[in-house]
Each structure stands twice: as C-alpha cells, then as structure tokens.
Amino acid sequence: MPMKITKFAFASLTILFLVAPLIAILPLAFTSSVILTYPIPSWSLRWFEELFFADAWRRAIVNSLIIGTGTTLLATVLGTAAALGLRNRLIFFRGTIRTLFLLPMVVPAVVLGVGMQVLLAGFGLTNSYAGVIIAHTVVAVPFVVVSVTGALAGIDERVELAAQSLGASPTTVFRRVTLPLAMPGVASGAVLAFATSLDEVVLTLFVAGPNQRTLARQMFSSIRENISPAIAAAAFLFIAATIIIALVVVLSRSMLAKRR
Amino acid sequence: MPEFIRFDRITKFYGPLCVVENLDLGIVKGEFVSLLGPSGSGKTTLLMMLAGFEQPTSGNILLEGTAINAVPTHKRDMGVVFQSYALFPHMSVGENVAFPLQMRGVGKAEIEKRVARALDMVQLSALAERRPSQLSGGQQQRVALSRALVFEPRVVLMDEPLGALDKQLREQMQLDIRDLHRRLGLTIVFVTHDQSEALTMSDRVAVFNKGKIEQIGTPRQVYDEPATRFVAEFIGETNLVEGVVEAVEGAEANVRLTSGAQIVSAVSGTVAPGQTVYLSIRPERVDLTEIRGDARNCLETEVTDSVYQGDHLRVQLQNAAYPLIAKLGRRSREFPPGTKVYAAFSAGDCRVIAP
Amino acid sequence: MIAGPSRTVRSLILLAPLLVFLIGFFIWPLFSMMSQSVSDTAVLRLLPRSAVVLPVWDRKSPPTVSMQTALMEDLKAVDDDQALGDMVRRLNSARSGFRTLISKTTSALGNTANPPADLVSIDKRWEKPEFWLAIADALSPLTDRNLLAAVDLGRNAAGDIEHLPADQSVNRVILVRTFWIAALVTFFCACIGFPYAMIAASLDGWKRDLMLAAVLLPLWTSLLVRTAAWFILLQEQGLINDLLRWIGVIDAPLPLIFNRTGVIIAMTHVLLPFMVLPIYSVLITIPKNLMPAAASLGAHPLRAFLRVLLPLSLRGVASGSLLVFISAIGYYITPALIGGPGDQMISSIIAFYATGSANWGMAGALGVVLLVATLLLYSVYARLSAEEPGRR
C-alpha cells in the first residue's frame with residue numbers, strides 16, 4: 001500500500017512539474033499591471049491590445065504568418081515528394097538519403113545558423129523573407145518527411161495494384177488512391193512544419209534582419225530586454241494554438257487509424 | 001476448344017533466384033484452373049505476371065493468340081482478387097465497386113445499375129454506403145469479388161482469396177465462387193496452397209514445385225494418378241513404398257518390395273524392368289482382413305496403433321520393412337495394437353511412380 | 001512490386017528537389033562553416049604580390065628590396081578599410097605591434113607629395129625578420145589556429161602545439177561546463193523520467209492517457225513559452241519564492257534565476273519528454289506477465305525488478321539519455337534567457353563570436369567541435385534505436 005501511495009505522489013508531482021508552468025503563465029496574460037507577478041491586481045485585456053496593435057508585436061505576428069506559410073508550403077511540397085520517392089526500395093543509398101533528410105533535426109541550431117548566415121550572405125539572401133523561409137524549411141522538412149513516410153508505410157501496396165488491375169493508369173492510381181490515403185500524413189506534416197517555423201528562434205537570429213523579426217524572435221528579445229505581460233499574452237495564444245493543433249493531429253491520426 | 005491464355009516458355013528470375021523456369025501452360029475459355037503448390041513454388045509469381053504486375057524474364061504470355069507482355073496492367077482487363085482484399089479504405093463499398101466502371105468511362109446511370117447488380121450478386125446491397133473497415137472479413141472478400149467482376153473482365157485472377165477466412169466461411173465461399181463461375185461462364189485462374197480447395201473448385205489443377213509444373217490434370221487425375229512423388233505427397237495423404245520393377249504388362253507392373261512381397265500396380269508413364277520405383281497407396285484404399293483374402297495385393301502386417309477420428313479410423317501398421325497407414329470407414333471394427341492383419345488393395349488403387 | 005527503370009526514374013525525380021535543397025542549404029552551410037574555421041585569407045586577400053615574393057625568402061636575413069617593394073605596392077592598392085582592419089587584427093594577434101606599424105606605414109604611403117623610398121625608412125621595425133615572419137606565416141590560406149584555439153591550444157614561435165596561457169583559456173572551461181550541465185540535466189531527466197515511464201506503462205485507460213498527455217503537452221508547446229513560463233516562476237517575486245515564503249521555509253527570496261539552478265530546472269523540464277517517451281515505448285513492449293512470472297519463480301519484487309525489468313528497459317534509458325544529452329549540449333535559448341554569465345554554454349559562445357564580434361573563424365571552429373560531438377553521439381543513438389526491440 002505505501003508503494004502505491006509513493007507512486008501516486010511521484011506521478012502527481014511530476015505531472016505538476018510538467019504542466020504547472022504552462023498553466024501558471026496563462027492568467028498573467030489578463031493582468032492590468034505592467035509587471036509579471038502574482039497577485040494580479042485586476043483583470044484587463046490591455047496586453048492583448050498591445051500584442052495586436054503595438055507596432056513591434058503586430059509586425060512580428062504578420063512576419064510569423066508570412067514566414068510560417070512560406071515554410072509550410074515549401075517544406076510540405078519538398079518533403080511529400082521526397083517521402084514518395086523514398087518508397088521505392090530500388091533506390092541506391094536509400095538509408096543514407098533518409099538519414100540526410102532527418103539530420104537537420106539533430107544538428108544544433110546555432111551551428112546551422114552560423115553556416116547559414118555565411119552562406120546566405122554570399123547569396124545576398126540575409127535580411128530577406130526568402131532567406132528566413134529557406135532556413136526554416138531546412139529544420140521543418142524532416143517533420144514532413146517522417147509524417148508522410150509514416151502514412152505511406154501504412155498503405156497496403158496491393159491496394160494500389162488492385163486499382164491498376166481495375167483499369168487505373170499510374171497517374172490515376174496516384175490521384176485517386178495513394179494521395180488520398182497519404183493525405184492525413186501530409187496534413188499533420190504541414191501542421192508540424194508551421195509549428196516549427198512559428199517556434200524557431202536561433203536560425204532567425206542569424207539570418208533575419210529587423211524587417212523579418214518573427215513573433216518568437218520578438219518574444220526572445222522581449223524576455224531578454226524588457227519583459228512585460230505581453231509575453232504572457234503571446235504565450236496564451238501559443239498554448240491555445242498548441243491545443244488546437246494537437247487536436248487536429250490527433251483527430252487526423254485517428255481518422256487514419258479508422259480506415260485500416 | 002481454342003486456347004484462350006497461353007504461357008509460352010515463361011522464365012522469371014529475381015536477381016540470381018529462378019522462381020519460374022521455362023513454363024508452358026494453356027487455359028481455355030470458361031475454364032477454372034487452380035495453381036496449387038507450396039509457398040515459393042512460383043504460382044503467385046505466374047499470376048502476377050499474367051496480371052502485369054511483374055514482367056517475365058523471358059517467354060511470352062498470349063491472350064487469344066496475341067502477346068500481352070507490353071500491355072500495362074490497367075489495359076489488360078483482368079479482375080484481380082487478393083488475399084488481403086485490397087479494398088480502397090477511403091471509399092465506400094459502392095464507390096469501390098464503381099471504381100473500375102469509372103475508369104472505363106461508363107455513364108453515371110449505367111454505373112449505378114451495374115453496381116447495384118454486382119452487389120446484389122454477392123448479397124451486399126444493404127451495405128453499399130459502408131466503409132470497408134466496417135465490414136467483416138467475409139463481407140470484404142465478397143466486395144472484392146464483386147469489384148473484380150463488375151466490369152466483366154476477360155479473366156478473373158484470384159491470389160489465395162480465401163486464405164484469411166475461417167474454415168466454415170471458406171468452405172461456403174468456395175461453393176459460392178464455383179457457382180458464380182458456372183453461372184457467368186467466367187475464366188478463372190486461382191492460386192492456392194490448400195489442396196482440398198483446389199480439388200473442390202477446379203476444372204483442372206496445376207501442381208507447382210520449384211518453379212515448374214509437376215502435373216496438370218482434373219482433380220481426379222492428380223489425386224488418383226499422381227505423376228510424381230511430389231504430387232502424391234502434396235495432394236492428400238499417401239503411403240510411399242520403395243520397390244523394384246520385375247515386369248511390365250500393358251498398364252500394370254509387377255513390383256518386388258524390399259521385404260520380398262510381390263505387388264501388382266497400375267502404371268502411368270513409362271517404367272522398365274529392373275528400375276527402382278515408389279508405390280503410392282492411398283490410406284483410404286487399404287482394407288484390413290485377418291485372413292488372406294482374394295485381393296491381388298496382400299501384405300502381412302501388425303497393428304501398432306489405431307486412433308478413432310470421428311469420420312474414420314486411422315490404423316498404423318508395421319510391415320517387415322516399412323510402416324503403412326490405413327484409413328477405415330467408421331463402421332469398421334476396432335484393431336487393438338499387436339493384431340496381425342493383412343493389408344489388401346487392388347492393382348488400380350496403387351500407383352507406380354518413377355523416382 | 002512494379003519494377004522497372006521508369007519507376008526508379010520517377011522516384012529519383014521526386015527525391016531530387018529535397019536532395020538538392022538540403023545539399024544547398026544544409027550540407028553546404030555546414031561545410032562553409034567548417035571552411036571558415038580553417039580558412040585564413042584576411043592577409044592573403046590584400047597582399048597578393050607579397051605572397052609571390054615571400055616564399056622564396058630564407059626566413060632569417062633582413063628583408064630584401066623586392067619584398068619591401070611588393071608589400072608597399074600591396075598596401076598602396078588597398079582601398080577597403082574593413083578588409084584592412086581584418087588584416088591588421090589577424091597580424092596583430094600573431095605579433096603585437098602590427099597595429100601601429102601598419103597604420104604608420106599606410107599613412108606614410110598615402111603621402112604622395114613625399115613618397116618614401118622603402119619601408120625601413122618609414123619605420124625601423126620593418127628591418128626585423130620577426131614581423132616579416134608573421135606576415136609570411138599569415139599568408140597561408142589554411143590554418144589550424146582556430147581549431148586549436150577552440151580547445152585552448154596554440155602554436156608557439158617554433159610551431160609546436162602547446163597550451164594557451166591561462167588568461168586565454170576560456171573555451172575549455174566552457175566546453176567542460178557544457179558537458180557538465182548536459183550531464184546533470186540528463187541525470188535529473190533519467191531520475192524523474194524512468195520511474196514516471198514505468199508508472200505510466202503499468203497503468204491503463206485514462207490514467208495512462210493523462211500521464212502521456214502531461215508529457216506531450218509541454219513537448220508540443222513553444223520552447224519560448226516554456227522558457228518564459230520558467231522565467232516568471234523563478235524570478236525573485238515569482239510564484240516559487242512566494243510559495244516558499246508563504247509556507248515559511250525561507251525569509252528572503254532564493255536566487256533561482258540567472259544562475260545554474262534555474263538553467264538546470266528549466267532544461268530538465270524542457271527535455272524530460274525526450275527521456276520519458278523512449279523509455280515508455282520500450283516498456284510497453286515488455287510483456288506484462290514477466291514480473292508475475294518472476295515472482296512465481298520465487299523472486300522478491302525488488303530482485304525481479306533488478307533482474308528482469310531493469311535489464312529489459314535499459315535500451316530505452318540509454319536512447320533517452322543520449323537524446324537528452326545531444327539536445328542539451330546544443331542548447332542556446334534556455335541558458336541565454338534563464339542563465340547568468342557563468343552558465344553560458346558552447347552555443348552561446350558560438351553565437352557571441354558570430355554575431356557579437358564577427359569572428360567567423362572562431363565561431364566556425366567551436367561549431368565544428370559541437371557538430372562533431374553531436375554527430376558522434378547521434379550515430380551511437382541511431383545504432384541503438386536501429387537494433388531489434390527485445391535485444392540488448
């Protein structure tokens with residue numbers, strides 16, 4: 001019995017450790033005070049106003065949306081095509097290519113950032129949206145590859161053979177069978193790519209100019225230089241978005257599972 | 001009858017591995033042919049080549065006299081049924097069955113009519129709106145069947161279609177498919193490793209071993225007149241006894257067993273006196289008597305074990321040189337171990353096989 | 001199953017865009033960073049004529065006329081002040097005195113009314129071979145000084161490798177600190193993560209889902225949000241200090257932020273999911289009846305745990321630890337925001353060299369050290385996770 005109580009206490013405390021910080025920051029988004037401490041004197045939406053109407057924050061949000069959308073499009077197209085290509089077992093160096101595709105997840109962001117800045121400076125792409133989108137795509141694309149590869153691995157190859165035997169040409173098989181079945185994987189890959197871009201700070205520090213300051217970058221310097229409850233308001237939006245994204249991913253996965 | 005499908009000296013290599021070797025096979029229109037053999041014997045590969053999923057390394061596949069090697073799968077007009085059913089998980093049952101008709105540009109109203117008819121044929125009309133994942137295995141297999149038949153293909157290919165079903169359902173489906181074959185006059189090529197399934201359903205059975213056809217014939221031929229030791233052992237159960245041919249007279253041969261006993265046996269193929277051969281004796285053709293009767297072949301044996309198996313009595317016997325098995329009808333009397341009996345069988349129930 | 005060249009061609013066409021993209025924007029940047037760390041063209045770029053003449057010099061005797069003329073021509077041709085500054089910095093780091101020497105020389109050369117006859121007439125120091133020696137050595141386009149300096153080594157006048165003096169030995173301290181912090185974080189993650197994963201794997205239904213959701217929610221939440229949350233919790237007027245004071249454990253607020261404690265707490269929180277998930281995924285593959293089986297064979301629960309469950313789950317602990325350690329050594333954001341000056345890790349130093357002082361050579365060299373460490377650890381991790389489950 002004491003074993004059971006110990007286990008329960010340990011599990012509860014760890015859950016508290018994991019989740020409490022995320023919950024603690026939420027009410028501060030609605031404080032009327034200028035400092036980020038409890039107790040909250042009175043409730044107000046002023047920090048959300050700040051977030052959406054103060055120039056620096058508003059531009060950061062817009063930049064994040066532009067760069068996030070660009071990254072999502074580029075990473076999803078490149079990653080989905082590559083995952084489809086990787087299906088072929090006859091490709092030489094298949095394992096090496098797959099490792100290369102996943103490696104950007106492993107390489108420390110600062111290292112990649114240094115190299116990226118040197119390289120993009122050579123192309124004249126620093127301080128440009130294109131440069132930031134390219135940098136974000138490098139770190140976002142592994143998520144798309146993993147997600148789409150997973151969805152494709154779940155497709156019974158004989159389903160595609162059956163479609164052929166029933167009279168569908170290879171392009172029709174792809175359009176009517178392969179793509180619809182891979183779609184949940186493509187969608188969750190796209191969501192993960194967007195989330196990666198939204199949260200990316202380090203590469204942005206290296207390659208973005210003042211005009212490409214993203215929300216994450218703005219939060220970083222805000223914490224570093226003059227922390228204000230606008231951070232909490234931004235965090236509130238992030239956590240809300242996370243929960244929505246998580247629901248989308250979970251739902252699309254369960255849709256995928258249901259079809260089997 | 002003219003040949004409808006012809007495999008003309010087909011060979012298939014996977015890298016260094018030869019899975020089909022110089023194989024010839026002809027199939028006539030309306031015929032139900034089973035390709036029977038253990039896994040890895042090349043039967044599925046042959047079917048995959050006929051469907052166009054694989055290309056033969058050498059040789060031609062002819063359909064009504066024209067080579068179809070270069071015709072891609074989607075233009076071959078063959079309905080394929082897979083063991084895993086291979087239904088489109090993202091389409092309803094009705095959409096699955098409509099798919100081949102859409103591919104052929106059939107009009108909407110016509111599609112509706114034909115889908116309804118095809119589902120009706122397999123008694124699934126009520127489930128047209130369901131997703132495949134909501135159906136049982138047997139229902140999914142019937143959808144796959146109606147999807148493969150709805151566009152009236154020239155040939156229907158089935159790759160172990162009943163392998164995933166339980167025994168009772170499998171036997172029901174065997175009869176259903178046989179019935180469809182007769183009613184619609186389909187040409188069916190059916191791959192299976194289940195010998196009783198092949199015997200039940202087929203007009204002809206081709207027995208595969210190591211990339212070659214060992215024997216092709218009606219179910220009765222391959223069972224009663226096995227041409228090779230492999231066929232005798234793979235189809236049903238048999239007693240194989242070694243002996244030396246003493247004389248050949250027409251379709252019968254005299255064989256001396258190692259125990260010295262003389263056996264008269266039917267012969268298929270050619271054997272010469274002095275040759276070492278096997279005799280195949282089906283256990284259910286062996287009679288046991290306590291006194292030497294007037295049967296042409298009679299071996300002195302002793303019962304070592306007997307097991308009651310419901311529909312028959314299985315008796316293990318030991319002759320001077322080799323064990324034998326006899327299956328007796330359920331009305332037979334018991335034979336306790338140690339009983340001395342004679343195992344008797346006619347010359348026609350025994351077959352000489354060249355090794 | 002559909003074999004044939006057309007399918008392979010199609011697959012290659014599908015793979016090509018990402019392959020080209022990653023070679024161009026992932027592999028190439030890493031290589032250009034590495035080449036930065038060994039490239040040394042600040043001097044060579046500006047002194048092409050000297051580069052022709054100096055190699056034939058015997059490195060001992062006073063400078064010849066042709067050497068002086070070449071250097072004068074080179075210096076006259078310089079029109080890029082920033083490049084000149086780079087060169088001076090590079091030469092000055094090899095031998096002090098170059099800063100004044102070069103500025104005196106260039107201003108004398110700029111005096112077109114009264115052109116100097118040779119360099120020695122501008123400054124006597126140009127007679128000494130040491131200064132020419134420094135230029136001659138700096139003309140080589142490749143150098144190992146950055147890579148050596150990254151681990152606090154350097155070459156003395158004779159060219160032998162030796163330790164840098166203590167006042168210049170900062171990098172080794174930071175490397176040791178990086179690995180130490182990463183090791184501590186890995187240790188705490190294992191201490192919390194292993195029992196947590198075991199409890200989660202032993203439960204089922206909503207309890208298990210809750211425990212997993214508690215791990216996944218932080219994992220999916222923005223890293224900045226989590227860091228901001230810890231910033232708020234750990235600050236002097238933060239919830240943790242408030243709570244402790246309210247309970248009466250402490251009188252004055254504990255210093256929790258801008259120090260090692262804060263960094264370790266925040267990094268443990270951020271990386272804990274990477275420990276829990278691999279261990280959990282190994283544990284759920286272990287049949288549940290193994291512990292009862294061990295008990296039925298007479299093993300005490302503790303013994304059964306040590307002999308059965310622990311060995312089977314070690315693979316998960318190992319891959320979780322590697323994952324946490326690999327992530328931790330490359331961390332930048334959390335130490336930058338929660339840590340003090342004494343808690344900065346190697347990434348912060350790289351970022352400082354790159355963006356703060358534009359010393360790309362040192363940034364690249366430290367980057368190479370971090371990259372090599374990461375890839376080595378990752379290859380161990382990849383081998384570990386490629387093994388068949390159930391094998392040890």
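Colleague: What is the handedness of the crossing of helix 9 and helix 13 in chain C?

Modeller: Right-handed, that is, the near helix is turned clockwise from the far one by less than a right angle. This is a predicted model, where local features need pLDDT of at least 70, side-chain atom pairs count only at pLDDT 80 or more, and totals for chains, interfaces and linings use all residues. Residues are numbered from 1 along each chain as its sequence is written, and chains are lettered from A in the order in which they are written.

Colleague: Which residues make up the two helices, and at what angle do their axes cross?

Modeller: Helix 9 of chain C is residues 171–202 and helix 13 of chain C is residues 260–283; their axes cross at roughly 45 degrees and come within 7 Å. Helices here are DSSP runs (H or I, at least four residues), and axes are lines fitted to C-alpha atoms over the stretch in contact, with angles from 0 to 180 degrees between N-to-C directions.

Colleague: And by class, what is in that contact?

Modeller: 23 nonpolar, two polar and no charged residues. Ala, Val, Leu, Ile, Met, Phe, Trp, Tyr, Cys and Pro count as nonpolar, Asp, Glu, Lys and Arg as charged, and the others, Gly among them, as polar.

Colleague: Switching to chains: how many residues of chain C are in contact with chain A?

Modeller: 64, against 63 residues of chain A, with contact meaning C-beta atoms, placed from the backbone, within 7 Å.

Colleague: Which helix of chain C gives the most to that side?

Modeller: Helix 1 of chain C, residues 5–38, with 19 residues. By class, the side of chain C that touches chain A has 48 nonpolar, 13 polar and three charged residues.

Technical notes:
Contact = placed C-beta atoms within 7 Å.
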